[in-house]
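Let's take a friendly walk through the charged side chains of this protein. Have the sequence and the model open as you read.

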Amino acid sequence: MRILLLTHSFNSLSQRLWLELQACGHEVSVELDIADSVAEEAVALWQPDVIVAPFLKRAIPASIWSRYVCLIVHPGIVGDRGPSSLDWAIQEGASEWGVTVLQANAEMDGGDIWAAQTFPMHAAKKSSIYRGEVADAAVRGVLEALVHYPEYVSGSWKPTPLHEFKAPVLGIERPSIKQAQRAIDWQHDDTATVLRKLNAADGCPGVKDVLFGQPCHLFDAHAAMEYRGTAGEVIGRSGDAVLRATTDGAVWIGHVRRIEHDPGFKLPAAVAFAAEAAALPELSFATGEIRYEEHGSAGFLHFDFYNGAMSTDQCLRLRQAYADACKRPTRVLVLMGGGDFWSNGIHLNRIEAADSPADESMRNIEAMDDLALEILSTTDRFTVAVMQGNAGAGGCFLALATDQVWARQSAVLNPHYKNMGNLYGSEYWTYLLPARVGRERAQAIMQNRLPVSAAGAVKEGLIDACFDDDAVAFRARAKRMALELATVPDYGSRLAEKCTRRACDEAKKPLAEYRAAELVEMRRNFYGFDPSYHYARHHFVYKIAHAFTPRHLALHRELASPAGDPPAAAAATQRYPALTGGS
Ligand code: COA
């Protein structure tokens with residue numbers, strides 16, 4: 001089928017669907033929902049069988065839904081309507097939630113139902129449930145809906161109107177959730193309530209509150225029942241997080257967005273309030289960002305950095321933790337990343353906030369490179385990257401520095417840098433990528449700037465294995481596989497082989513040469529006359545919506561450009577190639 005993905009942004013859910021639909025053999029083009037006229041133009045060019053809308057902030061115009069089947073992916077159970085579905089579900093402690101695929105009509109979220117999927121809820125951040133359970137259910141729901149499409153066209157199947165839908169529990173229409181409804185009452189709310197409210201707002205928009213007398217939005221909360229204090233008071237810090245007492249314990253607040261800096265951006269709490277946090281007692285955060293555990297002869301290093309972004313000091317701390325783990329008598333060291341992301345590379349928000357973003361970019365990339373080098377130089381054991389969630393840009397290449405990469409099938413990889421203002425990239429990618437996929441394919445991956453599914457990555461040798469497990473089963477499998485690797489009968493000869501290969505590679509061209517050449521390009525990105533990287537980073541951090549669909553996603557624009565005048569959006573891409581990373 002010919003499908004148009006109409007979406008506010010090419011976010012994780014849209015990328016997942018884009019990959020899954022293509023894997024099913026559909027022809028998929030993407031249009032970012034910018035204006036009705038641009039969407040109409042895209043539809044006219046692509047002439048899709050079906051329009052799939054995974055993430056919209058506005059209604060689809062009647063000019064489109066009255067002529068084409070438009071399937072809206074709504075992150076709520078059947079009957080649920082409104083823009084804050086997941087927020088309400090988490091805040092009110094729903095035990096089960098779902099995704100409904102419904103056909104757009106004049107009534108927002110009121111169209112006929114093509115597919116409905118449910119999943120059990122668990123205590124987690126909204127952003128995490130959105131990238132995990134919602135994305136999985138959306139894929140199942142859209143694929144189910146598309147199976148019905150030929151029968152719908154032939155008239156042998158009809159979607160179910162909402163009032164005819166039979167389900168044990170039906171949702172209701174809910175208004176957009178207001179900050180007043182999210183507000184934490186520190187004098188009365190217990191830890192579970194505080195966490196629910198913060199989880200329901202995580203990612204965006206956060207809970208509006210006051211810290212150190214300053215208005216801000218709070219994000220990234222973790223319970224700390226082992227601490228007590230006067231409810232509402234900030235009683236300590238650990239690394240970049242601050243600890244705030246509740247009525248029956250405390251919560252760690254990892255990130256904040258200060259309001260006086262509006263339209264500011266998220267920063268670690270102890271960075272945004274540096275002076276205030278410095279005066280707090282340093283406490284221990286048992287489930288903090290970096291954690292090491294050992295099972296038999298395998299070590300597991302977890303690094304659950306918020307949003308997968310890795311600042312200079314996080315890289316330094318992780319490198320130290322890696323070096324410490326290497327002192328342990330294990331035979332396999334597994335780099336687990338975090339539950340939602342393995343890594344998304346250098347920390348663009350911290351860079352944006354620095355006095356000199358160019359200097360901080362340089363420091364951050366050097367710290368990433370040092371970490372990658374430490375992994376690449378490990379000769380006394382095997383290393384494995386276990387991708388429980390997505391990995392992007394430098395984070396993807398950092399994983400390739402290990403001996404083996406295993407991923408959950410739902411993980412999406414973005415093994416390229418150019419979307420960030422034509423960034424050249426480092427992390428030894430010029431050594432690691434061609435070694436895995438060959439020189440030609442490496443060049444194509446870098447130029448195409450497209451997401452790759454875990455299964456696609458295995459197929460082309462980018463990673464070693466992927467498994468269609470849920471999160472818990474995948475971690476258990478990774479543990480089992482690591483222990484198997486540690487005890488393979490030919491462990492010694494395999495390790496010797498790895499060392500010989502590395503030594504041969506080093507003799508051909510030292511790693512230092514790869515790094516120096518990459519950093520020449522990166523220095524040009526950071527300090528050169530072309531400010532594209534700085535513009536792109538600024539747009540990314542401030543979440544400035546795209547003004548047009550990047551050309552490499554909008555296949556329908558290709559149909560328009562060979563003859564005649566390019567349509568407006570295509571022309572815009574040509575006018576501003578630097579900001580899209582286009583050439
Ligand atoms: N630095 C800081 N924040 C980052 C980040 C980074 N490197 N990568 C992702 N984030 C943040 C996003 O701003 C977003 O923040 P939010 O919680 O305030 O919404 C959150 O992580 C999730 O990112 P999002 O873009 O919504 O996730 P996605 O799964 O839809 O897309 C990527 C994944 C990797 C395509 C996208 O995040 C990206 O392009 N990241 C930048 C990668 C990069 O260029 N790194 C620098 C070069 S090494």
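**Salt bridges, pair by pair**

Asp 324 counts as partly exposed, at 37% relative accessibility (partly exposed lies between buried, under 20% relative accessible area, and exposed, over 50%, with a 1.4 Å probe and protein chains only). Its side chain meets that of Lys 327 in a salt bridge, 3.4 Å from N to O (a side-chain nitrogen of Lys or Arg within 4 Å of a carboxyl oxygen of Asp or Glu). Lys 327 is exposed, with a relative accessible area of 66%.

A word on the ground rules: this is a predicted model, where local features need pLDDT of at least 70 and side-chain atom pairs count only at pLDDT 80 or more, while totals for chains, interfaces and linings use all residues. Residues are numbered from 1 along each chain as its sequence is written, and side-chain values use heavy atoms, leaving out hydrogens and water.

Now look at Arg 317 and Asp 240, whose side chains form a salt bridge at 3.8 Å, N to O. Arg 317 sits in helix α10 (residues 312–326) and Asp 240 in the loop between β9 (234–238) and β10 (241–245), so this pair ties together parts that are 77 residues apart in sequence (helices, H or I of at least four residues, and strands, E of at least two, are DSSP runs numbered from the N terminus). Asp 240 is buried at 13% relative accessible area, whereas Arg 317 is partly exposed at 34%.

Another salt bridge joins the side chains of Arg 58 and Asp 36, at 2.8 Å from N to O. The whole structure holds 39 salt bridges.
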